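The following exercises concern the structure shown below. Each task is followed by a worked solution.

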Amino acid sequence: MIMLYVLLLPLLVVCLAPLLTPKKATYLSSLSFMLPFFAILYCILFKGCDPIPIMTFSPPIGEIYLNLDFISHAFGLTICIVSAMVALFALPYMKHRFEEMELNVEGEFKKYIFLYQFYAASMLWLVYSGNLILLYVFLEIALITAFLLIYFYGYGNRRWVGQLYLIWSLIAGVLTLAGFLIIGIDNNTLALSTGTIKGITTVGTIAWMFIFVGMVIELPVLGPHVWLPWAHAEAPTPLSALLSPLTVGLAGYVLLRIALIDYSFIEVYRMPILAYAIISSIYAGFSVFKQTDFKRLLAYSTVSQMGYMLAALCLGPFGLIGLVIQYMSHAFGKSILFSSAGGIIAVHHGMRDVNKMGGLHDSIPAISNAAVVGFLNLGGILTIGMLGEFFILRGVVETFGLNTKSLPILLAMIFMFILSVWYGFYTIQKIFYGKPKDTKRLEISRYLYVPLFIIGIISVLLLFPPLSTALIPGIKSVIWQLIEGQIAAGIMGGVMP
Amino acid sequence: MNEWVFLLLFLAPVVSSIPIVLAYKNKEWTEKLPYLSVFGIFVSVLMSLLIFFVLEGQYRYDWIPDLGINFVFMCDYLSRYMGVITAVIAFFIAVYGLDYMKGDYRPSWYWFFFNLFTASMLLVVYSDNLFLLFVGWEGLGAASWGLIGHWFRDDDDIAYVGEAGRKVGPLGMSWPPSFGGWRAISTIRFGDVPMFLAIAAIWALSPTLNISEIEWGTLFATIGAAGTIILMLCILMGLFTKSAQVPFSEWLMTAMTGPTTVSALLHSATMVAAGAFVFIKLTWYIEPWHLHGVPGLESVYVLALFIGLISGLYGALAGSGMLERKVLLAASTMSSIGLMFAAAAASFWIHEEIAGMNLALLVAFWYMAVHAFAKASLFLVSGHLIHATHSRFLCGGLEFGKRMTPAFIVTIIATTFLVGMPPFTAYWVKSGMDEVMEHLIHDLGIIPLILLILTSVVYAGIMAKFLSLNFIKGDKPQHEHLEGGGLMKVGYILMVSVLFLLTILIFKNEETEGFRQAGYASVSIMVGLAILLAYVVGLVKPRISALSKLGTFFNDRMYLPFVNDYILPKTGFFVSHLVNEYGNRGIDGLFNTKVIPGLFGWISRRIRAIQTGYLSRYITIVLGIVMFILVIVAVGGVWL
C-alpha cells in the first residue's frame, strides 16, 4: 500500500513545485522521483509488492489497479532515475534557455516545472497502470504536456514542430485507443491480468492491428519515423532527454503488455515484423552518419534503437526479457547523450553543428566523458545493455536455430548491433577528439554533468549483483508466468525453457 | 576466504584508480596518485601468485544463477600461468609508466584505463563462464579504445603513425591517435558481436555456460555440420579481430598512436594475446583431437591454422619494410600471434600428450609466454628510445648505443631469446612448433611447415634489423636526451630478466619435456641455424637499397589500408548518403513538408474557393447533385 503513496508523490509535486523558487522546485521535483526510485529498488530487492486495487468500474472498463510486477518496476526504475537526474540538469539549462528567449526566468520556470513534472509523473503512472484505459489517459497526458513544452520553449520553428508532434502522436493515440476499445468489448474488461486479478484474456487480430500500427508510429520505425528527428531535435533539451529515452520506448512497453496477453499476432506475422524492425534499425543507423545537427543525430540513433525493441518483440520469451532491458539501457544512454548535447549548447552558446565541433574534450572533459558512457550504453558495452543484447541474441537462436536457413537473420541482427557502436564512436571521435579549436578548460555548472554520471554509474551497477541478481530473474518469472497459459494453449511456439 | 582473493584480484586495480579520476582537476594530486594505481596492480600480482601456488580447480559464486550466468573462475594450468604473466607484465609496465607518463596532459584517463585494461584481461584469463569472460572481453575493447586514443588532441607528430602528408593514390598514409582509437574499436566490434551471438547460442543450446563443463561433442552433434561451422566461425571472428589477424590487422598498426606503455601491454599480455589465449583455452576444453567424427569441425581448424600462418608471414614481411620503431614491432607481434593460432589449431591433428596435455597447445601457450616478456621488453626499450631521440623512426648508431647500454643489452637479449636461435629460450618452444607442423605433413601436406620456417626466418631478420638500426648501424639521432629514465630502465630490465626464469622452467618442468626433445631433432637444429643466419644478415645489412621498392610495398602493409580506409568507408558513406538524401528527405517531404500538407492545403483552398456566397452558386451545386443522383438512379433502374 505504501507504494501507492510513494507513486502519488510526483503527482502531488505537480501542484506544489510551481509555487516555489526555481532552485527549490528543482530539488523537490528531483526528490519526488528519487523516493519512488528507492522504493522500487526495495521492491526489487525484497520481492514484496502486490498489486494495489484502486477502484472497480462497470464493464467494459473493469478493475483499475496499480500493477507492481517486475516489468513495471524495471520501466518505473528507469523513468524515476532519469526524470530525477534530468530535472537537476534542467536547472541551469532552462535558465539559460529563458534568458536566450528573453523571458522572465522566475515566472517561466513555474510554467515549465509544472509541465515537466506532470509529463514525467504521467509516464511513471503509465507503466504502473493495471488498466488499459488508465494507461491511455496517462499516455495522452504525456503527449499534451510534451507538446506544450515544445510549443513554448523549443528551438527553430518550434510551433510547427510542436503541431507536427501533436498530430503524429494523436494519430498513434487514436489508433491505440480504438484497439483498446475493441479489446474491452471483446473481454468485458480492460484490466491486465495479474496474480489474483482476472483481466483480458484474448486480443483479436483487428485490435492487435490497430494497437500495432499506432504504437509503431509512436515507437517509431521506418516510414513514420520522420516526425521524431524534428520533435527531438527542436524540443528544449531536458524534454528531449525524456522524450527520446523514455516516451517513445513506452510504445514498446504497450506492445510488450499486449504480447504477453496474446502472442498470436507476432507468431503469425513474425517474419515481416522482424524484417521491418531490422531494416528500420539499419536504415536509421546509416542515417546517423550524415547528420550535422548533434540532437538530430541522436534522434536518428533513437530510431535505430527502437528497431532493436521491435525486433526483440518478435523473438519469443527471451526476446521479451531483452526488450525490457534494452529499454532500460537505451533510456540511460540516450538521456546521458541528450543531456551532454544540452551541455554543449549551454556552454558553447547554442552550438549544435557537428562540423563546427571537434576536440571539445579539451574544454569540457566531464561532458565528453559522460557522452562516452552514453554510447557505451547504446552499444551494450560493460553496462546493463550487455544483458539486453545477450537476451535478444539468445532469442534469435531460440526462435530460428543455428543453421544455414537462419544465417541471413543472424547476420542481419549482428550487423544491426555492430552499427550502433560504429556510429557511436565515430560521433565521439568527430565531436570530442581531434585538434581542439579552443584549449581553454571552461568552468561549467556541476548540474550539467554530475547527474549524467549518476545515471551512468547506475547503468553499470545494474549489470552486477545484487541488482541484476534480483531484477533479471524477477522479469523472467513475470514473463514466464504470463506466457505459460499461451504456451499451453499452443499460441506461442517453442518449449518453455 | 577465496572470494576475497578474486575480489582483490579484479577490483584492486580498478578501485585504486578511482581516486585519480576524482582528482582530475588537481595537478598536485594527479602527480602523486599514480603510485596508488600501481599499488593496485601490485595487489593483483600478489593475488595471482597466491592463486598460482595455492588454488586449483573451479570456484563459483552466484550472479544470476537462474540463467546460468555466474562468477565462475577456473584455476587450471593455463590460467594460473597466464594470470601471473598478465599481472607481472602489467606491473612492470606500470612502474615504467610512472616515469614515462610524467607530465602527461591527462593522467587520470590514462591510469583509469590502464588499470581497467589489466583487470579486464585478468577476468578473461580466469573466468570459466563465457558471459563473465565476455565482460572482460568488452572491458579490453573499451580500455584499448581509451588508451590508443589517449593523446586525443592529435597535436604532436610523435604520436602519429605513418609519414605526415604522404599519400598513395587517394589515401593519406598518416594516422592520428583519435583515428587510431576509433579504428580499433570499430574493427573489434565487428568481431565481438558475432562472438557474443555464439555465446548466446551456446547459452541456448547447452545446459551450462562454463567452458569446462560444456559437453562440446554433444553440442556440435545437436547443431550439425552447418551449425558447428557457424558457431565456431562466429567465435573465431571475435578472436581474429581482437588478435589482429589477416584481414583485420590494420587496427593494430594504427594502435601504435597510443603511449608506448599501452603498446607494450596491448602486445604482450592483453588484447592481441587475449584472442590467441581464448583460442587455446577453448581448444583445451573442446579437445578437438577426440572429435574427428564431428562434421565441419576440421574445416574450422584448417581455417584457423591457415589464417594464423598467413598472418604470421604477412606480419613478418610487412615488418621487413618498416622504419617506424613501434609499427615494426606491431607487425612482428601480429606475426607471432599468428603462429600461436597456427600451433593451437594444429592440436586438431596432434594426439601426442605430455603430462596429460596436448603438445600443440603447450607449444602455443609457451610461445605466448616467451613472446609476452620479450616483446614487452622491446616495446619498453623503444619507448625509452622515443623519449631519448624524440623520433618514432628507427635511428641511433653505435655511439648512441654505447650511451644507452642498458637498453642496448636488453634489446640484444630480448631479440635473440625471442627469434628462436639455439640455444636461447624461444628455440626450445619453436622446436616444438617445428615438430608440430612436421606432424601435419601427413594430413595437410608440407605447406604449414614451409610457411612456419619462412615466417621464422623473416622474423629473425626484422628483429635483427630493429637491433641494428637502433643501436649499431642507424643514422645519428637529431636530438639526444639521455638524462633520467631511471624507472624506465628498471621496467625493462625486470621484464627481460624473466626470460631467464622461463628458460629455467622449460628445463625443469615435466610438461615441457617435449620441447627439449624437439630441440635436439635435426629439423629443429637446421631451422635454428637458418634463423641464426637470417639474424646475422639482418644485423650486418639492415637495409638493402636494391629492394627499396619492395620495402615500400611492405611498409604500406601491402596496401591493406585501402580496404579499411577507402573501400569500406566509401561504401558506408554512400549508403548513408542515399538513405539520408533520398530516403529521409523523401519521406519527410511526403508526410511532413510537401505532399500531404500540400494536399490538405489544396483541398481546403478548393473547398473555400467554391464558397463564393452567391445564391446562384449554391443552387448550381444542389441542382448538380440532384442531377447526379437522378442519373445514378436511372442507370441503376435500367441495369437492374
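**Exercise 1.** Determine how many residues of chain A are in contact with chain B, and which elements of chain A contribute.

Step 1. Contact requires C-beta atoms, placed from the backbone, within 7 Å; 46 residues of chain A are in contact with 50 residues of chain B.
Step 2. On the side of chain A that touches chain B, the elements giving two or more residues are helix 8 (227-234), helix 11 (270-289), helix 15, helix 16 (407-432) and helix 18. Helices are DSSP runs (H or I, at least four residues), as strands are (E, at least two), numbered from the N terminus.
Step 3. Helix 16 of chain A gives the most, with ten residues.

The model is predicted: local features need pLDDT of at least 70, side-chain atom pairs count only at pLDDT 80 or more, and totals for chains, interfaces and linings use all residues. Residues are numbered from 1 along each chain as its sequence is written, while chains are lettered from A and ligands numbered from 1 in the order in which they are written.

**Exercise 2.** State what the buried residues of helix 18 of chain A pack against.

Step 1. Buried means 20 or more other C-beta atoms within 10 Å of the residue's own, these atoms being placed from the backbone; the buried residues include A:Leu471, A:Ile475 and A:Leu482.
Step 2. The buried residues of helix 18 pack against helix 2 (22-46), helix 3 (70-100), helix 9 (237-261), helix 13 (316-347) and helix 15 (384-400) of chain A, together with strand 1 (57-64) of chain B.

Note on methods: A residue is buried if 20 or more other C-beta atoms lie within 10 Å of its own, exposed if 12 or fewer, and partly exposed in between; C-beta atoms are placed from the backbone. Two residues are in contact if their C-beta atoms, placed from the backbone, lie within 7 Å.
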